Amino acid sequence: MDSLDDVRDSMQTFVHAFREFNQDLESSLAMLRVRHDAISGLWTDEAARRYQQEFGPFEETLRRYSTHEGPRLQQYIEEK
């Protein structure tokens, strides 16, 4: 059985990794938006329409996590 010190150390490692994950996700989302915006006006065929139908919900899910769920989870975890 782990000691409480081991549990605390593991939790601190997790918090650090979780924080980095959220930061990396936010950076990736920003880069994705820039790249998407750069090509979206150039691509107007049927494939672009299908892509946009999938990209919109995907981007919204990432944005919602990045702006709401991720920060709330991080705050909750850091308080524990």
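Modeller: A helix here is a DSSP run of H or I of at least four residues. The model is predicted.

Colleague: Why is the contact of R63 and E60 called a salt bridge?

Modeller: The N to O distance between their side chains is 2.6 Å. The rule asks for a side-chain nitrogen of Lys or Arg within 4 Å of a carboxyl oxygen of Asp or Glu, so the pair qualifies.

Colleague: How do you know that R64 forms a salt bridge with E60?

Modeller: Their closest N and O atoms are 3.9 Å apart. The cut-off is within 4 Å, so this pair counts too. R64 and E60 are four residues apart in helix α2.

Colleague: What joins E69 to R64?

Modeller: A salt bridge, with the closest N and O atoms 3.5 Å apart. Through shared partners, salt bridges join E60, R63, R64 and E69 into one network.

Colleague: Why is E60 called partly exposed?

Modeller: Its relative accessible area is 34%. Buried means under 20% and exposed over 50%, so E60 falls in between. R63, at 30%, is partly exposed, and so is E69, at 31%.

Methods: Residues numbered from 1 in each chain as written. Predicted model: local features only at pLDDT ≥ 70, side-chain atom pairs only at ≥ 80, totals over all residues. Heavy atoms only, no water. Buried < 20%, exposed > 50% of the residue type's maximum accessible area, 1.4 Å probe, protein only. Helix = DSSP H or I, 4+ residues; strand = E, 2+ residues; numbered from the N terminus.
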